Protein chains: 2
Amino acid sequence: MDKVNFSDKFKKFDTIWTPKIVAESNGQLIKIAKGSGELEWHFHKNEDELFYVFEGELTIQLRNRDIVLSPGEMFVVPKGVEHCPKAKPNTHFMMMEPASTKHLGETESNHAISVEDQEWI
Amino acid sequence: MDKVNFSDKFKKFDTIWTPKIVAESNGQLIKIAKGSGELEWHFHKNEDELFYVFEGELTIQLRNRDIVLSPGEMFVVPKGVEHCPKAKPNTHFMMMEPASTKHLGETESNHAISVEDQEWI
(Lines give C-alpha, C1' and ligand atoms only; values in the text may rest on other atoms or scores of the structure.)
Protein backbone atom coordinates (compact mmCIF):
# COMPACT_ATOMS: atom_id res chain seq x y z
CA MET A 1 0.00 0.00 0.00
CA ASP A 2 1.01 3.57 -0.67
CA LYS A 3 0.25 6.62 1.41
CA VAL A 4 -3.05 8.42 0.90
CA ASN A 5 -3.07 12.13 0.16
CA PHE A 6 -6.64 13.20 0.92
CA SER A 7 -6.50 16.41 -1.10
CA ASP A 8 -5.53 14.42 -4.20
CA LYS A 9 -8.28 11.87 -3.60
CA PHE A 10 -10.97 14.53 -3.34
CA LYS A 11 -10.01 15.81 -6.82
CA LYS A 12 -11.03 12.49 -8.33
CA PHE A 13 -14.80 12.78 -7.94
CA ASP A 14 -17.54 15.37 -7.68
CA THR A 15 -20.63 13.43 -6.67
CA ILE A 16 -22.17 14.05 -3.25
CA TRP A 17 -23.02 11.49 -0.58
CA THR A 18 -21.16 8.77 -2.46
CA PRO A 19 -18.44 7.41 -0.17
CA LYS A 20 -15.23 6.24 -1.84
CA ILE A 21 -12.87 3.84 -0.10
CA VAL A 22 -9.26 5.00 0.32
CA ALA A 23 -7.82 2.50 2.82
CA GLU A 24 -8.51 -0.55 4.98
CA SER A 25 -7.18 -1.15 8.47
CA ASN A 26 -8.17 -4.01 10.79
CA GLY A 27 -11.35 -4.65 8.83
CA GLN A 28 -12.39 -1.02 8.97
CA LEU A 29 -12.78 0.90 5.73
CA ILE A 30 -11.62 4.50 5.53
CA LYS A 31 -13.89 6.35 3.14
CA ILE A 32 -14.12 9.90 1.90
CA ALA A 33 -17.18 11.74 0.67
CA LYS A 34 -18.42 15.14 -0.36
CA GLY A 35 -21.66 16.38 1.13
CA SER A 36 -24.15 19.14 0.43
CA GLY A 37 -27.66 19.49 1.79
CA GLU A 38 -29.36 16.77 3.77
CA LEU A 39 -29.04 13.00 3.39
CA GLU A 40 -31.63 10.75 5.10
CA TRP A 41 -32.40 9.51 8.58
CA HIS A 42 -30.97 6.04 9.17
CA PHE A 43 -29.03 3.93 11.63
CA HIS A 44 -26.57 1.04 11.59
CA LYS A 45 -27.60 -1.82 13.81
CA ASN A 46 -24.15 -3.24 14.47
CA GLU A 47 -21.62 -0.62 13.49
CA ASP A 48 -20.28 2.59 15.00
CA GLU A 49 -19.60 5.23 12.35
CA LEU A 50 -16.83 7.79 12.63
CA PHE A 51 -16.93 11.16 10.85
CA TYR A 52 -14.02 13.60 10.46
CA VAL A 53 -14.32 16.89 8.57
CA PHE A 54 -11.63 18.35 6.29
CA GLU A 55 -13.53 21.23 4.71
CA GLY A 56 -16.91 22.90 5.06
CA GLU A 57 -19.33 21.99 7.83
CA LEU A 58 -21.04 18.68 8.53
CA THR A 59 -23.91 18.49 10.98
CA ILE A 60 -24.74 15.07 12.37
CA GLN A 61 -28.37 15.46 13.31
CA LEU A 62 -29.37 13.13 16.12
CA ARG A 63 -32.93 12.83 17.37
CA ASN A 64 -32.15 14.85 20.50
CA ARG A 65 -29.34 17.19 19.41
CA ASP A 66 -27.15 18.35 16.53
CA ILE A 67 -23.41 17.74 16.39
CA VAL A 68 -21.87 20.47 14.24
CA LEU A 69 -18.47 19.48 12.87
CA SER A 70 -16.01 22.02 11.49
CA PRO A 71 -12.67 21.15 9.87
CA GLY A 72 -10.45 19.28 12.33
CA GLU A 73 -13.38 17.84 14.27
CA MET A 74 -14.59 14.26 14.63
CA PHE A 75 -17.62 12.45 16.00
CA VAL A 76 -18.49 8.79 16.41
CA VAL A 77 -22.15 7.83 15.95
CA PRO A 78 -22.66 4.79 18.18
CA LYS A 79 -24.28 1.71 16.70
CA GLY A 80 -28.07 1.80 16.75
CA VAL A 81 -28.32 5.58 16.99
CA GLU A 82 -30.48 7.29 14.38
CA HIS A 83 -28.73 10.08 12.53
CA CYS A 84 -29.13 12.28 9.49
CA PRO A 85 -26.06 14.04 8.06
CA LYS A 86 -26.49 17.54 6.68
CA ALA A 87 -23.71 19.55 5.04
CA LYS A 88 -22.90 22.98 3.76
CA PRO A 89 -22.01 23.07 0.05
CA ASN A 90 -18.59 21.62 -0.78
CA THR A 91 -18.08 19.84 2.52
CA HIS A 92 -15.32 17.24 2.47
CA PHE A 93 -15.24 14.55 5.12
CA MET A 94 -13.86 11.14 6.05
CA MET A 95 -15.72 8.19 7.53
CA MET A 96 -14.51 5.01 9.16
CA GLU A 97 -16.69 1.94 9.52
CA PRO A 98 -16.53 -1.84 9.15
CA ALA A 99 -16.59 -3.24 5.62
CA SER A 100 -20.05 -4.69 6.34
CA THR A 101 -21.68 -1.30 6.96
CA LYS A 102 -24.59 -0.45 4.69
CA HIS A 103 -24.62 3.08 3.27
CA LEU A 104 -27.99 4.03 4.74
CA GLY A 105 -28.33 1.25 7.27
CA GLU A 106 -31.58 -0.67 7.17
CA THR A 107 -33.44 2.24 5.55
CA GLU A 108 -35.17 1.62 2.23
CA SER A 109 -33.88 4.40 0.00
CA ASN A 110 -33.20 5.13 -3.64
CA HIS A 111 -30.06 6.94 -2.56
CA ALA A 112 -28.45 3.97 -0.87
CA ILE A 113 -25.31 2.57 -2.48
CA SER A 114 -24.89 -1.16 -1.92
CA VAL A 115 -21.85 -2.46 -0.05
CA GLU A 116 -20.68 -4.16 -3.25
CA ASP A 117 -20.92 -0.96 -5.29
CA GLN A 118 -18.80 1.19 -3.00
CA GLU A 119 -15.60 1.68 -4.91
CA TRP A 120 -11.96 2.30 -4.12
CA ILE A 121 -10.51 5.52 -5.39
CA MET B 1 -19.94 11.02 23.51
CA ASP B 2 -19.13 14.53 22.40
CA LYS B 3 -17.31 15.65 19.30
CA VAL B 4 -13.53 15.75 19.32
CA ASN B 5 -11.72 18.93 18.36
CA PHE B 6 -8.18 17.78 17.61
CA SER B 7 -6.59 21.19 17.97
CA ASP B 8 -8.00 21.51 21.50
CA LYS B 9 -6.82 18.01 22.40
CA PHE B 10 -3.25 18.71 21.30
CA LYS B 11 -3.10 21.67 23.71
CA LYS B 12 -3.56 19.30 26.64
CA PHE B 13 -0.15 17.62 26.59
CA ASP B 14 3.42 18.26 25.52
CA THR B 15 5.14 14.90 25.85
CA ILE B 16 6.38 13.16 22.71
CA TRP B 17 5.65 9.62 21.56
CA THR B 18 2.98 9.21 24.24
CA PRO B 19 -0.30 8.38 22.49
CA LYS B 20 -3.48 9.70 24.13
CA ILE B 21 -6.85 8.15 23.39
CA VAL B 22 -9.54 10.51 22.08
CA ALA B 23 -12.24 8.14 20.80
CA GLU B 24 -13.28 4.53 20.30
CA SER B 25 -15.12 3.11 17.31
CA ASN B 26 -15.84 -0.56 16.63
CA GLY B 27 -13.10 -1.65 19.01
CA GLN B 28 -10.52 0.62 17.40
CA LEU B 29 -8.94 3.34 19.48
CA ILE B 30 -8.30 6.74 17.93
CA LYS B 31 -5.16 8.19 19.50
CA ILE B 32 -3.20 11.37 19.04
CA ALA B 33 0.47 11.93 19.67
CA LYS B 34 3.25 14.43 19.23
CA GLY B 35 6.50 13.25 17.73
CA SER B 36 10.03 14.54 17.42
CA GLY B 37 13.13 12.60 16.45
CA GLU B 38 13.17 8.85 16.10
CA LEU B 39 11.20 6.25 18.06
CA GLU B 40 12.24 2.59 17.83
CA TRP B 41 11.97 -0.28 15.37
CA HIS B 42 9.06 -2.55 16.22
CA PHE B 43 6.10 -4.38 14.75
CA HIS B 44 2.62 -5.45 15.80
CA LYS B 45 1.96 -9.13 15.20
CA ASN B 46 -1.81 -8.93 14.84
CA GLU B 47 -2.74 -5.30 14.26
CA ASP B 48 -2.62 -2.89 11.36
CA GLU B 49 -1.71 0.62 12.46
CA LEU B 50 -3.02 3.75 10.77
CA PHE B 51 -1.17 7.09 10.86
CA TYR B 52 -2.57 10.47 9.79
CA VAL B 53 -0.59 13.71 10.04
CA PHE B 54 -2.03 17.08 11.12
CA GLU B 55 1.15 19.13 11.47
CA GLY B 56 4.85 18.71 10.80
CA GLU B 57 6.25 15.67 9.03
CA LEU B 58 6.16 12.03 10.06
CA THR B 59 8.32 9.48 8.29
CA ILE B 60 7.32 5.85 8.67
CA GLN B 61 10.60 4.09 8.09
CA LEU B 62 10.09 0.58 6.73
CA ARG B 63 12.97 -1.83 6.15
CA ASN B 64 12.84 -1.31 2.38
CA ARG B 65 11.55 2.25 2.01
CA ASP B 66 10.49 5.43 3.79
CA ILE B 67 6.91 6.73 3.76
CA VAL B 68 7.06 10.50 4.29
CA LEU B 69 3.77 11.91 5.55
CA SER B 70 2.92 15.61 5.37
CA PRO B 71 -0.24 17.18 6.82
CA GLY B 72 -3.32 15.66 5.21
CA GLU B 73 -1.62 12.35 4.46
CA MET B 74 -2.26 8.87 5.86
CA PHE B 75 -0.56 5.49 5.79
CA VAL B 76 -1.51 2.07 7.14
CA VAL B 77 1.34 -0.13 8.40
CA PRO B 78 0.12 -3.70 7.82
CA LYS B 79 0.31 -6.16 10.69
CA GLY B 80 3.69 -7.84 11.04
CA VAL B 81 5.63 -5.15 9.16
CA GLU B 82 8.61 -3.67 10.98
CA HIS B 83 8.55 0.10 11.19
CA CYS B 84 10.24 2.97 12.98
CA PRO B 85 8.50 6.37 13.11
CA LYS B 86 10.66 9.48 12.82
CA ALA B 87 9.32 13.01 13.07
CA LYS B 88 10.32 16.61 12.61
CA PRO B 89 10.00 18.74 15.75
CA ASN B 90 6.42 19.54 16.76
CA THR B 91 4.78 16.94 14.56
CA HIS B 92 1.14 16.22 15.44
CA PHE B 93 -0.45 13.01 14.26
CA MET B 94 -3.32 10.60 14.78
CA MET B 95 -3.23 6.82 14.99
CA MET B 96 -5.93 4.20 14.81
CA GLU B 97 -5.46 0.68 16.10
CA PRO B 98 -7.29 -2.00 18.09
CA ALA B 99 -7.45 -1.56 21.85
CA SER B 100 -5.15 -4.57 22.25
CA THR B 101 -2.23 -2.97 20.39
CA LYS B 102 0.99 -2.64 22.37
CA HIS B 103 2.80 0.71 22.06
CA LEU B 104 6.03 -0.77 20.74
CA GLY B 105 4.76 -4.19 19.76
CA GLU B 106 6.78 -7.11 21.06
CA THR B 107 9.93 -5.01 21.43
CA GLU B 108 11.56 -4.80 24.84
CA SER B 109 11.96 -1.09 25.45
CA ASN B 110 12.11 1.37 28.29
CA HIS B 111 10.05 3.76 26.19
CA ALA B 112 7.06 1.47 25.79
CA ILE B 113 3.84 2.53 27.50
CA SER B 114 1.70 -0.39 28.60
CA VAL B 115 -1.79 -0.84 27.16
CA GLU B 116 -3.24 -0.19 30.61
CA ASP B 117 -1.33 3.09 31.02
CA GLN B 118 -2.50 4.67 27.80
CA GLU B 119 -4.87 7.37 28.91
CA TRP B 120 -7.89 9.15 27.53
CA ILE B 121 -7.54 12.87 27.05
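Analyst: In this model, 33 residues of chain A are in contact with 33 residues of chain B, contact meaning heavy atoms within 4.5 Å. The model is predicted, and local features need pLDDT of at least 70, side-chain atom pairs count only at pLDDT 80 or more, and totals for chains, interfaces and linings use all residues. Residues are numbered from 1 along each chain as its sequence is written, chains are lettered from A and ligands numbered from 1 in the order in which they are written, and side-chain values use heavy atoms, with hydrogens and water left out.

User: What makes R65(B) and D2(A) a salt bridge?

Analyst: A salt bridge requires a side-chain nitrogen of Lys or Arg within 4 Å of a carboxyl oxygen of Asp or Glu. The closest N and O atoms of R65(B) and D2(A) are 3.4 Å apart, and the pair forms a salt bridge. Across the interface of chain A and chain B, the rule finds four salt bridges.

User: Which classes of residue make up the side of chain A that touches chain B?

Analyst: That side has 18 nonpolar, six polar and nine charged residues. Ala, Val, Leu, Ile, Met, Phe, Trp, Tyr, Cys and Pro count as nonpolar, Asp, Glu, Lys and Arg as charged, and the others, Gly among them, as polar.

User: Why is the aromatic pair of W17(A) and F93(A) called tilted?

Analyst: Rings of Phe, Tyr and Trp (its six-membered ring) pair if their centres lie within 6.5 Å; planes under 30 degrees apart count as stacked, over 60 as edge-to-face and the rest as tilted. For W17(A) and F93(A), the values are 5.9 Å centre to centre and 55 degrees between the planes, hence tilted. The structure holds 17 aromatic pairs over all chains.
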